[in-house]
Amino acid sequence: MINQQLLKPSGIVIVGGSDDVRKPGGKVLKNLLDGFFPGDLYVLNPKMDEVQGVKSFRDPSGLPDVDLAILAIAAKYCPETVRVLAREKNTRAFIILSAGFSEESEEGAKLENQIVEIIDEVNGCLIGPNCIGFLNEHYHGVFTTPVPKLEPEGCDFISGSGATAVFIMESGMPKGLSFSSVYSVGNSAQIGVEDVLKYLDESFDPATSSRVKLLYIESVEKPDLLLKHASSLIQKGCKIAAIKAGGSEAGSRAATSHTGALASSDMAVDALFRKAGIVRCFSREELTTVASVFKHKELKGKNVAIITHAGGPAVMLTDVLSNGGLEIPEISGPKADRLLEKLSPGSSVSNPIDFLATGTAEQLGAIIDACEHDFDFIDAMVVIFGSPGLFPVFDVYELLDKKMQTCKKPIYPVLPSVINVKEEIEAFLAKGRINFPDEVVLGEALVKVFHAPAPAKPGDELKDINHEQIRNIIEESRNGYLVPEKVQQLLDAAGISQTREVVVHSREGAVKEAENLRFPVVMKVVGPVHKSDIGGVVLDINTRTQVEEEFERMIQINEVKGILIQPMLSGIELFAGAKQEPKFGHLILCGLGGIFIEVLKDVKASLAPLSMEEAGSMIKDLRGYGIVKGVRGQDGVNEEQFAEILVRISNLVKIAPEIYEMDINPLLGNRDRVVAVDARIRIEK
Ligand code: ADP
Ligand code: MG
């Protein structure tokens with residue numbers, strides 16, 4: 001597991017180090033030299049005594065003890081080298097750049113296992129194989145370029161793909177994004193993305209650790225670990241953004257053909273990220289922009305002032321922010337008038353604050369000061385300032401940097417003229433600043449970060465759930481769909497209220513029970529799974545004759561084993577359900593029932609266990625929430641009860657993980673009650 005020998009080695013040996021910098025073994029050595037690695041550096045190469053000016057050993061026997069080995073030799077030679085170094089040279093950290101392991105063949109997988117075994121034996125650490133390496137402020141242990149700026153307050157970045165890691169760094173660097181550490185985990189033979197995150201959590205030091213973590217994941221292998229440590233880090237004040245590739249079906253195929261990653265169901269990933277408080281991104285550009293937003297002061301409210309010397313970008317930014325639920329509030333009143341006096345004629349302060357193409361550094365300073373001190377309702381500023389190339393703008397960016405140091409409100413710089421004022425932007429970035437070259441990309445990231453949920457509270461365990469009864473029913477049932485009586489018993493045991501119902505097998509029985517329940521009633525076939533589709537549900541039955549007629553008709557339908565009678569209820573149709581997701585546990589789903597679920601696919605999913613709060617926000621996040629709440633004088637649904645049912649389902653599947661899938665569709669809800677009228681439960685032991 002991750003150790004000091006990896007993070008801050010006193011010595012490094014490059015196994016397969018070469019003079020040819022177009023080879024990994026040559027390039028990684030060059031990077032270490034270019035990065036002025038301060039410790040001892042050696043090469044192991046059977047043909048050389050010196051490589052790039054570094055002492056090379058022809059065989060390991062002469063080599064002194066060394067903390068870290070970086071291997072760039074053919075896979076088949078790796079186990080033996082690792083063995084010698086681990087056993088004889090006290091080497092406790094290994095980075096294996098070489099490919100040809102489990103990603104390639106059975107044989108490769110065997111080699112990989114051997115290596116892990118040897119390293120585990122000495123309690124050592126292995127990064128890779130099949131990766132680009134590792135980077136931090138102490139050394140540049142990668143065979144790729146570019147090497148980004150490395151500093152403790154930069155981002156910790158963990159990537160499941162080496163090439164993608166390079167591209168993500170390349171996306172971040174021109175913006176000014178720096179890194180604290182970069183882990184390319186390759187085949188994750190010993191250490192995967194989740195394990196690194198665990199380490200970052202357990203070793204987190206509020207005084208020195210970076211607060212921004214970025215992940216690129218192709219396959220979530222240990223969802224529990226990811227959830228636990230991501231939530232924990234976020235609770236400690238960190239921000240995490242992640243790309244999980246391979247969500248769509250075509251995407252899954254791509255991931256499979258890549259490092260043999262299998263895509264896990266995307267909905268579960270989404271639910272996991274939301275529960276942990278991870279901001280999910282879908283592109284490199286988005287990931288590095290969200291990271292850049294994280295590196296600024298926190299946006300604490302909705303109100304943004306857009307400060308610009310050009311109209312177009314301000315309009316585009318206004319659109320994206322307000323579509324995303326942020327606001328560009330109008331600025332007016334005596335203080336606004338006083339600000340306007342300081343600007344050139346024709347300027348506008350109403351927000352966007354436009355100080356025209358002739359805008360100066362001094363004017364920008366006045367505007368920022370007013371937004372910071374006079375306009376209390378403003379929570380953040382975006383400053384858009386480029387150049388048509390007529391004169392330099394060093395003074396403007398210098399002022400911007402100074403104001404960013406002193407202002408309490410976040411200021412996001414949009415410096416679009418990456419060609420016209422390239423030097424000015426470079427000078428700005430050299431101060432440790434970040435640039436958002438595109439205002440819309442920034443706007444989308446801001447919206448995303450602003451709406452990102454906090455890590456979910458622990459699930460609620462309800463006391464009135466009949467554990468024993470639930471286990472009994474599961475034990476005595478066989479795989480497949482449960483019969484209505486069993487479904488009813490399970491829902492009862494879980495405290496989920498459902499309508500009264502009876503199953504009858506004769507015409508006389510039907511009439512008697514219908515009268516007992518009181519008209520109007522509903523009759524349904526028992527047996528077939530989808531009842532309406534085959535004419536197996538009749539609503540609003542009001543007379544004895546109707547009951548008799550329907551009984552005679554329905555009992556003839558194929559596979560029908562009896563007839564279910566329920567009172568006819570009214571209410572808004574809701575949906576609640578659960579689905580087992582391999583490795584992730586159960587997803588709990590909710591939505592509006594009936595056509596909403598089928599046509600509009602308006603469902604929200606969360607990972608069990610749920611808290612009442614989380615269940616409540618699932619309901620509020622539905623597109624059709626307005627209907628749940630009640631629209632235009634129409635009564636809504638008792639949200640508290642609906643949320644409680646979701647929590648009860650979450651409790652139920654915890655006690656009975658054998659529930660493979662269940663759905664209650666619909667529940668009928670009004671202000672007073674939410675009652676199940678149709679439920680299916682399938683178990684798989
Ligand atoms: P299935 O889903 O197998 O077709 P349901 O039992 O869900 O059968 O019934 C179909 C529809 O009939 C429901 O979506 C609901 O609109 C309505 N319905 C079912 N039971 C009742 C009831 N007791 N009161 C009022 N409407 C009902
Ligand atoms: Mg139904």
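**Burial, cores and ligand**

A: Val293 is buried, at a relative accessible area of 4% (buried means under 20%, exposed over 50%, partly exposed in between, with a 1.4 Å probe and protein chains only). This is a predicted model, in which local features need pLDDT of at least 70, side-chain atom pairs count only at pLDDT 80 or more, and totals for chains, interfaces and linings use all residues. Residues are numbered from 1 along each chain as its sequence is written, and side-chain values use heavy atoms, without hydrogens and water.

Q: Where is Val293 placed?

A: Val293 belongs to helix α10, residues 284–294 (helices are DSSP runs of H or I with at least four residues, strands runs of E with at least two, numbered from the N terminus).

Q: And which residues is Val293 in contact with?

A: Leaving aside neighbours within four places in sequence, Val293 is in contact with Tyr412, Phe436, Leu442, Ala445, Leu446 and Val449, where contact means heavy atoms within 4.5 Å.

Q: How many residues does the largest nonpolar core have?

A: The largest nonpolar core has 56 residues, and Leu6, Ile95 and Tyr183 have the most contacts inside it. Such a core is a set of buried Ala, Val, Leu, Ile, Met, Phe, Trp, Tyr and Cys residues joined through side-chain atoms within 4.5 Å. Helix α9 (266–276) gives the most to this core, with six residues. A second, separate core of 45 residues includes Ile132, Leu135, Leu177 and Ala291.

Q: What is Ile95 in contact with?

A: Beyond its neighbours within four places in sequence, the contacts of Ile95 include Leu6, Leu68, Ile70, Ile127, Phe134 and Tyr139.

Q: Changing topic, which residues come nearest to ligand 1?

A: Of the 19 residues around ligand 1, Lys524, Lys531, Ser532, Glu573 and Asp678 come nearest; a residue counts as near if one of its heavy atoms lies within 4 Å.

Q: What are the distances to its oxygen atoms?

A: A polar side-chain atom of Glu573 lies 2.5 Å from an oxygen atom of ligand 1. For Asp678, an N or O atom in the side chain is 2.9 Å from a ligand oxygen atom, and a polar backbone atom of Lys531 is 2.9 Å from an oxygen atom of the ligand. The protein covers 86% of the 540 Å² of accessible area that ligand 1 has on its own (Shrake-Rupley method, 1.4 Å probe).

Q: Is Thr499 buried or exposed?

A: Thr499 counts as buried, because its relative accessibility is 4%. Thr499 is found in the loop between α18 (484–494) and β20 (502–504).

Definitions and conventions:
Chains lettered and ligands numbered in written order. Polar contact = N/O pair within 3.5 Å; in protein donor to acceptor, adjacent residues only side chain to side chain.
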